[in-house]
Amino acid sequence: MLVRVSPNKTVEGFVGGALCTLAFAFLAAWILSQMPLYYCPKPDFTDCGFVCRVVCEKPLIFVKQPVGIPPNLLRAIRDTFGADFQVEVVPMQLHALALAMFAAIIAPFGGFFASGLKRAFEVKDFADLIPGHGGVTDRMDCQLLMAVFTYVYTINFVQQHAPDVAKLMAMASELSMQEQQELLVEISLSLTRKGIDVAQLISNGFQS
């Protein structure tokens with residue numbers, strides 16, 4: 001049925017594309033997790049020259065960790081490969097597999113839907129902006145579905161909402177001078193109520 005709707009698509013291409021997508025996503029996530037530019041937050045680019053240099057403590061989501069394996073399966077694996085055998089992956093690789101699985105299995109149905117819609121209106125392409133390829137919608141039908149899933153998946157399973165000092169400073173720098181002074185007073189009062197000597201704290205900061 002789906003092949004009849006979009007005759008240029010084949011089952012072999014669908015399966016082969018899915019396997020290649022999963023393999024590439026798993027490998028690419030590991031490679032990118034070794035690059036600080038990929039995992040370090042960069043709230044602003046005021047200190048960038050020709051190239052931005054970032055240094056930070058690597059978030060746990062990019063640090064290799066042991067994977068939980070069912071005890072019976074783990075026992076069988078260790079009987080074969082040794083008692084010290086364990087599987088370690090970067091958590092981001094597992095997130096990449098989830099996104100790749102959606103991209104490989106579900107997202108192509110956006111293309112099938114678009115093909116069915118064009119056949120219903122008896123047109124070959126949505127537009128003719130790109131010679132031989134149609135319009136932007138013809139090239140982006142699957143990507144639109146993928147973009148929505150990526151956003152929903154990221155904010156629910158990947159994104160860490162806890163603020164850090166760099167993010168707070170970037171937000172504070174956007175305030176007016178008066179608002180920054182009010183913020184400083186509120187922070188000072190909060191620290192004082194907790195028994196912290198703000199003057200000594202600032203003095204130590206200048207000395208360091």
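**Before you select anything**

This is a predicted model, in which local features need pLDDT of at least 70 and side-chain atom pairs count only at pLDDT 80 or more, while totals for chains, interfaces and linings use all residues. Residues are numbered from 1 along each chain as its sequence is written, and side-chain values use heavy atoms, with hydrogens and water left out.

**Stop 1: the whole protein**

Show the cartoon. The protein has 10 helices and two strands. Helices (H or I, at least four residues) and strands (E, at least two) are DSSP runs, numbered from the N terminus. Read from the N terminus, the order of elements is α-α-α-β-α-β-α-α-α-α-α-α.

Now colour by accessibility. Of the 208 residues, 21% count as buried. Buried means under 20% relative accessible area, exposed means over 50%, and partly exposed lies in between (1.4 Å probe, protein chains only). For contacts between residues at least 6 apart in sequence, 57% join residues at least 24 apart; a contact means heavy atoms within 4.5 Å.

**Stop 2: helix 2**

Select residues 11-32, which make up helix 2. This helix has 22 residues and reaches 31 Å from its first C-alpha to its last, close to the 32 Å expected at 1.5 Å a residue. The expected span is 1.5 Å times one less than the number of residues.

Which residues of helix 2 are buried? They are Ala-18, Ala-25, Ala-28 and Ala-29. Seen down the axis of helix 2, its buried residues fall within an arc of 115°, so they line one face of the helix. The arc is that of the directions from the helix axis to the C-beta atoms.

Turn to the other side of helix 2, where Glu-12, Leu-19, Cys-20 and Phe-24 are exposed. Cys-20 has a relative accessible area of 55%.

**Stop 3: helix 5**

Select residues 91-105, the range of helix 5. Helix 5 has 15 residues and reaches 22 Å from its first C-alpha to its last, close to the 21 Å expected at 1.5 Å a residue. Its buried residues include Pro-91, Met-92, Gln-93, His-95 and Ala-96.

Pick Gln-93, which lies in helix 5. Its relative accessible area is 4%, so Gln-93 is buried. Leaving aside neighbours within four places in sequence, Gln-93 is in contact with Phe-26, Ala-29 and Trp-30.

Next pick His-95, also found in helix 5. His-95 counts as buried because its relative accessibility is 14%. Leaving aside neighbours within four places in sequence, His-95 is in contact with Ile-61, Tyr-153, Phe-157 and Val-158. With which side chain does the side chain of His-95 make a polar contact? The partner is the side chain of Tyr-153, at 2.8 Å. A polar contact is a pair of N or O atoms within 3.5 Å; within protein, one must be able to donate a hydrogen and the other to accept it, and residues adjacent in sequence count only if both atoms are side-chain atoms.

Draw a C-alpha to C-alpha distance from His-95 to Ala-29: the two are 66 residues apart in sequence and 8.8 Å apart in space.

**Stop 4: the largest nonpolar core**

Select Ile-61, Phe-62, Met-92, Met-146 and Val-158, which have the most contacts inside the largest nonpolar core, a set of 13 residues. Helix 5 and helix 7 (136-158) each supply at least two residues of this core. A nonpolar core is a set of buried Ala, Val, Leu, Ile, Met, Phe, Trp, Tyr and Cys residues joined through side-chain atoms within 4.5 Å.

Centre on Met-92. Not counting residues up to four places away in sequence, Met-92 touches Ala-29, Tyr-38, Ile-61, Phe-62 and Val-158.

**Stop 5: the disulfide**

Select Cys-40 and Cys-56, which form a disulfide with their sulfur atoms 2.1 Å apart. A disulfide is a pair of cysteine sulfur atoms within 2.5 Å, and by this rule the count comes to one. Cys-40 is buried at 8% relative accessibility, whereas Cys-56 is partly exposed at 30%.
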